[in-house]
Amino acid sequence: MALPTSKTLSVVITTKNRWSELERTLNALSKDYPQYPVLIIDDGSEQRPDSDLTQLHPRVEIETASSSAGLIVRRNQLAQAAQTPYVLSLDDDSYPVSGQFDQVTSWMDSNVDVLCSSLPIFNPIKDRFQN
């Protein structure tokens, strides 16, 4: 039985030439958050990934830009493309602690005057959780 796609929160990631980092992040998201859509823009990478990243998460969509426009431009494009009320912007080398998406969306639903929230993330390069 297929897991339904979340209509509450989308994960957005921009990347450039950091395929192994992105692969680790997608594997973690697939394990802990397979129901959430993951939208990715490759900001004009010169290199191609070694594997098919769309196979790493059941709800991933990857767009490849022909030239670089920068992190902020791409994050804004991804936020506009998301079809959910909440958008979680991640770096390509980090991911949230398991179970946090439901907690933060419930909290945001009950605090409608809040515009933004942050979550602790796991930084695999530093091998620790951080805010």
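The model is predicted, and local features need pLDDT of at least 70, side-chain atom pairs count only at pLDDT 80 or more, and totals for chains, interfaces and linings use all residues. Residues are numbered from 1 along each chain as its sequence is written, and side-chain values use heavy atoms, with hydrogens and water left out.

**Overall fold**

The chain has three helices and seven strands; these are DSSP runs, numbered from the N terminus, where a helix is H or I with at least four residues and a strand is E with at least two. Starting at the N terminus, their order is β-α-β-β-α-β-β-α-β-β. For 131 residues, a compact globule would have a radius of gyration near 14 Å, and the chain agrees, with 14 Å. That radius is taken over C-alpha atoms, and the globule rule is 2.2 Å times the number of residues to the power 0.38. Along the principal axes, the C-alpha atoms fill a box of roughly 45 × 35 × 25 Å.

Of the 131 residues, 41% count as buried. Buried means under 20% relative accessible area, exposed means over 50%, and partly exposed lies in between (1.4 Å probe, protein chains only).

**Helix α1**

Helix α1 covers residues 19–32, and its 14 residues should span 20 Å at 1.5 Å a residue; the end C-alpha atoms are 20 Å apart, which agrees. The expected span is 1.5 Å times one less than the number of residues. Buried in α1 are W19, E21, L22, T25, L26, A28 and L29. An α-helix has 3.6 residues a turn, so residues three or four places apart point the same way. The cover over the buried residues of α1 includes β1 (9–15), β2 (38–42), β3 (60–64), β4 (86–90), β5 (95–96) and α3 (100–110).

**Aromatic rings**

Rings of Phe, Tyr and Trp (its six-membered ring) pair if their centres lie within 6.5 Å; planes under 30 degrees apart count as stacked, over 60 as edge-to-face and the rest as tilted. The count comes to three aromatic pairs. Two of the pairs are set out here.

| Pair | Centre to centre | Angle between planes | Type |
|---|---|---|---|
| Y33 and Y36 | 5.9 Å | 65° | edge-to-face |
| Y33 and F101 | 3.7 Å | 15° | stacked |

Y33 is buried, with a relative accessible area of 4%, and F101 counts as buried at 0%. Y36 is buried too. Ring pairs join Y33, Y36 and F101 into a cluster.

Notes. Contact means heavy atoms within 4.5 Å.
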